Amino acid sequence: MMVIGAGRYHSSVAGLLDNISFVITYPWLTVVSLFISCYQSTTWEQQHPQSKLTHYFIYGPALGIIALAFAPLGLSGYLLHILVCHLFASNKFIHMTVKHSPSTAQNGCSGKDPATVSATPTNRFTFCTANLLLAPECVVRFNNNRFVYTRGPEVARRLLWQKPLPDNALGAAAEQHVSVLFPEVDFFCLQEVWERVWALVLAKELQQRYPHYLYDIGEHKLNVNGCMGASGLFFASKYPILGATFETFKCRKGWARCISYGVLCVKVDVGSPGERRVGYVANLHTQAYQDRDPIIYEEVRQAQRVLEQFCTDSAEPGDRVVFRVMCGDFNYDNISPGDAMNQNHPLFGEFEDFCRVGPGEDKPWTVGTEMRQVMIFDERLNSPGSFRRILTDDVERRRFLLDADVESQTLELARAPPPLDSEGRLRASPGGGRRRIDHILHARQPEVRVCNYTFVAALSGLSDHIPVCMTVETA
């Protein structure tokens, strides 16, 4: 196996300094994060307070001492990181291609290296968007999720729980659109893969089927993100990447100013040798909890402009564009009254959301993708099969997924319990469990037809978002 591609920095000196900074800073930040997490409690830990005693009195103090002892070294690594960011020209992402020898290739390409051979020529392409929350443990616990160092590798493995799924574009029931497994995905557009270590864990697991990656995506400047958090975006492809661009959203507020939230636009080669068939994929993550400010509206507007400009700038003679797709965590749904502005976005004049009938109305088979974080540890989520049954049940779905009745996007959404009526019972409602914030949109082209749209239960108990997959057929 050989890894090739473009690193973040153009200069080998800058690359070396960046690696030194990472080696110094990352372990210290990990210890700090684990120390903080010792004094945070998830729902399960609140119900089992005895499980926190060793955290409070053994792990916490020990980690605190280590964090203090190595603080000067860790902070010096962060200062070196800032210096490197400002002194050297850099890319906004790392582009990696994994090449295998013929003897180790296992992706079904007749023993050929998947990095040099496009997938079998086809007119069908499948896209998946999923928010994974692979982040420092203190952030994970704030979101009431499971221990990231055991959850992360399992998430990576489950992304490969794939099989061909039947066409369901004409399906009228949720049962036809919810699956335990992923379809055979061509492009993974992932969000909240916050650290390059987790990106490499994903790539290691996916490499036999997905040789092309973009990760560590973000713009590190003091006036952009304080040289702190990247975008968390991650892109994996079966097809060669011809070019890419990333732009940080200009409209952000509060804590989001420390994160390089933005949009990644990628041009991929989906043709057979001698054929210039190309596609464009945009992966984005907008700011959550905007309250009543029009932040998401402006971010989506910027993403649309960036993709349009990238398509123009990267066009080459002979290109035949077979698809343009935008996907990601948009952080708004198509039913809630508080999201009315975004439901009427000009984006929908150019792109189609297969799940929606129109502003404020989804097709009856759609389900939500944003879970109630307070329910993450419920034992019924331990089985993807049982979670699939929950997603297709109009009553039980409300217990685990947010309703599409949001008036204002605030942090209270993360703490919202299942709603009960005056008799203390859970009942079905028109928007019950249907807050669908993870979207895949395709450009309105007469030669593009949606064949399959699936909500995937495979990450049950491992993520607070439901992955979404869409297959399109092109002329």
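Biologist: Where is the place of Asn342?

Modeller: This is a predicted model. In it, Asn342 sits in helix 9, residues 340-343.

Biologist: Is Asn342 buried or exposed?

Modeller: Compare its relative accessibility with the cut-off. Buried means under 20%. Asn342 has 3% relative accessibility, so Asn342 counts as buried.

Biologist: Which residues does Asn342 touch?

Modeller: Leave out residues up to four places away in sequence. Then Asn342 touches Gln290, Ile296, Tyr297, Tyr332 and Phe348.

Biologist: And how far apart are the C-alpha atoms of Asn342 and Met470?

Modeller: They are separated by 21 Å. Along the chain, Asn342 and Met470 are 128 residues apart.

Biologist: Now helix 11. Which of its residues are buried?

Modeller: Start with the general idea. An α-helix has 3.6 residues a turn, so residues three or four places apart point the same way. Now the case here. Helix 11 spans residues 384-391, and its buried residues are Pro384, Ser386, Phe387, Ile390 and Leu391. They cover an arc of only 155° around the axis, which puts them on the same side of helix 11.

Biologist: What covers the buried residues of helix 11?

Modeller: The cover includes helix 6 (148-158), strand 4 (178-179) and helix 12 (396-400).

Biologist: Helix 6 also meets helix 7. At what angle do the axes of helix 6 and helix 7 cross?

Modeller: Two packed helices are described by the angle between their axes and the distance between the axes. For helix 6 and helix 7 (residues 196-206), the axes cross at roughly 35° and come within 8 Å. The crossing is right-handed.

Biologist: Which residues make the contact?

Modeller: Helix 6 supplies Val148, Tyr149, Gly152, Pro153, Ala156 and Arg157. Helix 7 supplies Trp198, Val201, Leu202, Glu205 and Leu206. By class, the contact has 8 nonpolar, 1 polar and 2 charged residues.

Biologist: How many bridges join strand 9 to strand 10?

Modeller: There are 7, linking residues 262-269 with residues 277-285, and the two strands run antiparallel. Asp269 stands opposite Val278 in strand 10.

Conventions: Residues numbered from 1 in each chain as written. Predicted model: local features only at pLDDT ≥ 70, side-chain atom pairs only at ≥ 80, totals over all residues. Heavy atoms only, no water. Buried < 20%, exposed > 50% of the residue type's maximum accessible area, 1.4 Å probe, protein only. Helix = DSSP H or I, 4+ residues; strand = E, 2+ residues; numbered from the N terminus. Arc of directions from axis to C-beta. Contact = heavy atoms within 4.5 Å. Axes fitted to C-alpha atoms, helices over the stretch in contact; angles between N-to-C directions. Left-handed = near helix turned anticlockwise from the far one by under 90°. Nonpolar A, V, L, I, M, F, W, Y, C, P; charged D, E, K, R; others polar. Pairing = 2+ DSSP bridges.
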